[in-house]
Protein chains: 2
Amino acid sequence: MQLQNMLRQKIGWLESKGKSPGIAISSRVRLARNLNRIPFPQKASRREQEESFEKIKGACEEIAYFKGAPILNLQEFDRVDRQFLLERHLISYEHSRGDGVRGLVIGDRELLSLMINEEDHLRLQGIQSGLELQQAWDILKQIDEQMDKKLDYAFSPEIGYLTACPTNTGTGMRASVLMHLPALVMNEEINKVLQALNKIGMVARGLYGEGTKVMGDLFQISNQVTLGPNEEGIIDNLERVVKQVIDYEIKGRKTLFKESKEKVMDVVYRAYGVLVNARQISFAETMEFLSKVRLGIYFDLGLDTKLDILNELTILTQPAHLQESVGKELVPSKRDFIRAEMIREKLKSGK
Amino acid sequence: MQLQNMLRQKIGWLESKGKSPGIAISSRVRLARNLNRIPFPQKASRREQEESFEKIKGACEEIAYFKGAPILNLQEFDRVDRQFLLERHLISYEHSRGDGVRGLVIGDRELLSLMINEEDHLRLQGIQSGLELQQAWDILKQIDEQMDKKLDYAFSPEIGYLTACPTNTGTGMRASVLMHLPALVMNEEINKVLQALNKIGMVARGLYGEGTKVMGDLFQISNQVTLGPNEEGIIDNLERVVKQVIDYEIKGRKTLFKESKEKVMDVVYRAYGVLVNARQISFAETMEFLSKVRLGIYFDLGLDTKLDILNELTILTQPAHLQESVGKELVPSKRDFIRAEMIREKLKSGK
């Protein structure tokens, strides 16, 4: 366990800035890239994995944006550290659990990062607070162009960037927006919305990506198609769809507030009351109550906290984060205790 | 609705004084008395009811203790007022719902009161905070003796005081202690205790007496036998039994605290958090959470409130009390709203 210093660093995409931060928490764009003449990581020998790792590391060291950025070799990190990076949305589940030579480069305030030897040699990720896909893409594009000059990307003029999995081939881009949709969950319209998204080539996932449970009414909405439309098309398309979902959610919230303001007040304040007072609390319960309090902030119900603190708690109260914070592994019951303590402190200091 | 002024008056037996007030909330002794040559109230004509009412009223007016005490004719009070008096433990359910000429005399701080033409012509009641049966009885005895001089009590040297129901004949006394037994409820020993009480001629009831639901872990323990033992014997016997129950409860609390202090802290603080933050709350839920907070006070967990405030809330948050407080009848949902407001105010002002 050696990532404690990251606990004190601000995460840029949690700052509750950008467009519609009360509903669209963050916008994320990632690119899959591979190097010519080196097999995809899963087919590569250890020596070949080391080769791609060193090449990408070298490229990063020559790019001004990554000046001073940590370049981690995941082999040097234990299970809790890797889970910590996963919880931080810096690496994927596969990257956290896989073996072989794997790396991670972390840019300023975690707004840009880069996985080395995940499914592809390179996975570049840009995240911004709020509905800011274009901004995330703008920064990512610049870095990708600079990397392109230093590295020999596997690219076919006919089909675009080559990737380990054909679903990523073409632009290699996936864009997603992390959305808070409590009203659509409460009025039970969420399934209708998710089905409609599927029909137009979009997919909604839980907080940790594919196959993960939805907690705290948080949904990641992303494009499924990477082949075909160009990058700008993907961004525009997703942004348009997300704006529609935001409109539905806003409409749902308005109706909720109009028809049952007192009930909403009660649910919100009870959630706040439990968070500020509990002495033991699970992560799932934390997410459930944070969702209610977040809604209270949106409705301006006079709660003594702010959106960025709630965003931060979503990350800090995860199991590996708690374990890093105390510098040792903890059994779940002990984590529930430390989690409650952290929530009380954050909500009280946030006044 | 005309009893609003009583809302501002302190109720002496809620003051959390006397012995073991953390477990024995209050001690109550009542005497059933009847007047010679007037039929029992249920058999009496209206004129005869008026006669007993006037005689008892007259006696009270001559007794110094009752100087300035309100003498209410229940016929003049509406449904909410009568329920208010019931919630205040000044009258019985039967007295609140029955017709005919019925009265109530309320002594200083409600420590002594007197129902006229309930099941018997006279029901004298003395209540004290904590386990103070003897003190309640001492005051009651004095008043009873003074009344005896003014009134012609129906008394037989062989069997004692005559009463409408033979179960009250003899001493006419019933003594009870209102007990808070959350540990015995949590460790599921309560049924064993209640069965043991039954075997020795004691009975445990809910907050509002016979046949009422137990709420907030509050039990009224009382003697079933009025014929046979003399008054001192009844008091001593009940006190001895109650002390045993207190010992069981203390043992239960100690074990609870030793084996699951963190869990207890969590349950207590969550209950407090909900009470201080809820915007709508039912009476049953209020009682449930007050019970937990009361336990927190007992364990000295640093809560920002006091036992007498919790005692007071037990009474003030009842439906008729809320309706008197706003001076109009309220539908249950509106009561839940006013109740939550009152709880927040009381818990905040009680710092």
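Is A:D120 buried or exposed? At 0% relative accessibility, A:D120 counts as buried, where buried means under 20% relative accessible area, exposed means over 50% and partly exposed is in between (1.4 Å probe, protein chains only). The model is predicted, so local features need pLDDT of at least 70 and side-chain atom pairs count only at pLDDT 80 or more, while totals for chains, interfaces and linings use all residues. Residues are numbered from 1 along each chain as its sequence is written, chains are lettered from A and ligands numbered from 1 in the order in which they are written, and side-chain values use heavy atoms, with hydrogens and water left out.

The side chains of A:D120 and A:R123 meet in a salt bridge of 3.0 Å, N to O; the term stands for a side-chain nitrogen of Lys or Arg within 4 Å of a carboxyl oxygen of Asp or Glu. A:R123 is itself buried, with a relative accessible area of 9%. Over in chain B, B:R123 forms a salt bridge with B:E119, and the closest N and O atoms are 3.4 Å apart. B:R123 counts as buried at 8% relative accessibility, whereas B:E119 is partly exposed at 31%. Salt bridges that share partners also join A:E15, A:K17, A:D108 and A:R109 into one network.

Over all chains, a search of the whole structure turns up 48 salt bridges. One of them pairs A:R37 with A:D152, the closest N and O atoms being 2.8 Å apart. This pair links distant parts of the chain, 115 residues apart: A:R37 sits in the loop between β1 (24–33) and α2 (46–61) of chain A, and A:D152 in the loop between α5 (133–150) and β6 (155–156) of chain A. Helices (H or I, at least four residues) and strands (E, at least two) are DSSP runs, numbered from the N terminus. A:R37 counts as exposed because its relative accessibility is 75%, while A:D152 is partly exposed at 38%.

Now for the interface. Chain A puts 18 residues in contact with 18 residues of chain B, contact being heavy atoms within 4.5 Å. The area buried between the two chains is about 1600 Å², and carbon and sulfur atoms give 50% of that; buried area here is the accessible area (1.4 Å probe) that two parts lose on being put together, summed over both. A:R270, A:R279 and A:Q280 supply 38% of the area that chain A buries against chain B, more than any other three residues.

Two salt bridges are counted between chain A and chain B. A:R270 forms a salt bridge with B:E285, with the closest N and O atoms 2.6 Å apart. Eight residue pairs are in polar contact across the interface of chain A and chain B (both at pLDDT 80 or more). A polar contact is a pair of N or O atoms within 3.5 Å; within protein, one must be able to donate a hydrogen and the other to accept it, and residues adjacent in sequence count only if both atoms are side-chain atoms. On the side of chain A that touches chain B, α8 (231–277), α9 (283–298) and α12 (332–349) of chain A each supply at least two residues, and α8(A) gives the most, with ten.

Helix α7 (residues 190–199) of chain B has B:I190, B:V193 and B:L197 as its buried residues. They cover an arc of only 65° around the axis, which puts them on the same side of α7(B); the arc is that of the directions from the helix axis to the C-beta atoms. An α-helix has 3.6 residues a turn, so residues three or four places apart point the same way. The face of α7(B) turned away from its buried side carries the exposed residues B:K192, B:Q195 and B:K199. What covers the buried residues of α7(B) includes α6 (182–186), β9, β10 (218–223) and α8 (231–277) of chain B. B:G201, which follows α7(B), has a positive phi, near 80°.

Strand β9 (residues 202–205) of chain B is the place of B:R205. B:R205 counts as buried, at 15% relative accessibility, and a polar contact of 3.1 Å joins the side chains of B:R205 and B:S222.
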